[in-house]
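Please look over the structure below before reading the notes. The briefing is arranged by topic, with the cut-offs given where each term comes up.

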Amino acid sequence: MAFIEPAFAFTVPFLLLFSWLGYRSYKRYAKALLAATNLIFILYSIFLIKQLIDLARLGQELMRQTGIKPEDLPPFEPDAYFYRLTILILLPWLFLIRRVRNTPWLSIIILIVIAAGGTGSWNYFDLIFKVLHYGSLLCAVYALLWLLKELPFQRRNRKLFK
């Protein structure tokens with residue numbers, strides 16, 4: 001799941017270029033793939049939330065084992081990494097809104113946040129399997145969006161019964 005961030009940073013620029021500069025059929029599918037990629041980033045947000053919860057539990061257990069009280073800890077001072085992590089957790093939830101998901105602006109903002117954080121912590125071990133997992137996840141989300149008629153080029157009929 002940690003590979004979603006580098007995969008997003010690698011695929012989104014290409015999808016943006018194809019959606020702006022490609023032929024008409026390429027633009028259509030590039031926008032649809034961009035919408036699917038944006039929804040995948042919500043899974044990464046859930047992964048980050050789980051990691052933070054596990055880290056807090058570890059801290060509580062260490063405090064309990066060593067007998068340190070919360071008053072003895074230094075005060076919390078947010079830094080750039082804290083703000084970056086907060087943005088990567090909160091902004092992807094806006095992709096649940098159809099209009100936001102189908103426009104490239106929030107994707108560009110998240111891409112800038114990822115690029116500003118650097119690539120030093122990305123793990124490239126077993127890269128081929130991570131790429132295959134990301135590809136299958138992208139296919140599954142694309143299929144889900146297609147079935148729900150949520151892709152940018154699909155029109156939804158609001159009437160349930162005729």
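This is a predicted model: local features need pLDDT of at least 70, side-chain atom pairs count only at pLDDT 80 or more; totals for chains, interfaces and linings use all residues.

Residues are numbered from 1 along each chain as its sequence is written, and side-chain values use heavy atoms, with hydrogens and water left out.

**Confidence**

- The mean pLDDT (the predictor's confidence in each residue, from 0 to 100) is 89 for the chain, and 94% of the residues reach 70 or more.

- L88, placed in helix 3, counts as buried at 1% relative accessibility, where buried means under 20% relative accessible area, exposed over 50% and partly exposed in between, with a 1.4 Å probe and protein chains only.
- Not counting residues up to four places away in sequence, the contacts of L88 (heavy atoms within 4.5 Å) are E5, F41, S45, L48, I110, V113 and I114.
- With the same exclusion of residues up to four places away in sequence, I114 touches E5, F8, A9, F41, R84, L88 and W122.
- N38 of helix 2 is buried as well, at 0% relative accessibility, and its contacts beyond four places in sequence are F8, F95, R101, T103 and S107.

**Surface patch**

- F10, F14, L17, F18, W20, L21, Y23, Y26 and W105 make a nonpolar surface patch of about 1,200 Å²; patches are made of residues with over 30% relative accessible area and no salt bridge, like charges being joined within 9 Å and nonpolar side chains (Val, Leu, Ile, Met, Phe, Trp, Tyr) within 5 Å.
- Accessible areas come from the Shrake-Rupley method with a 1.4 Å probe, and for residues only the protein chains shown count as cover.
- Helix 1 (residues 4-21) gives the most to this patch, with six residues, and L21, which lies in helix 1, is exposed at a relative accessible area of 68%.

**Salt bridges**

- The structure holds five salt bridges, each a side-chain nitrogen of Lys or Arg within 4 Å of a carboxyl oxygen of Asp or Glu.
- E150 pairs with R101, the closest N and O atoms being 2.8 Å apart; E150 lies in the segment after helix 6 and R101 in helix 4, so the bridge ties together parts that are 49 residues apart in sequence.
- Both E150 and R101 are buried, and salt bridges with shared partners join R98, R101 and E150 into one network.
- Within helix 2, E61 and R64 are three residues apart, about one turn of the helix, and form a salt bridge with closest N and O atoms 2.5 Å apart.

**Backbone angles**

- D126, in the loop between helix 5 and helix 6, is a residue other than glycine with a positive phi, near 55 degrees.
- K149, in the segment after helix 6, also has a phi near 55 degrees and is partly exposed, with a relative accessible area of 44%.

Terms used: Helices (H or I, at least four residues) and strands (E, at least two) are DSSP runs, numbered from the N terminus.
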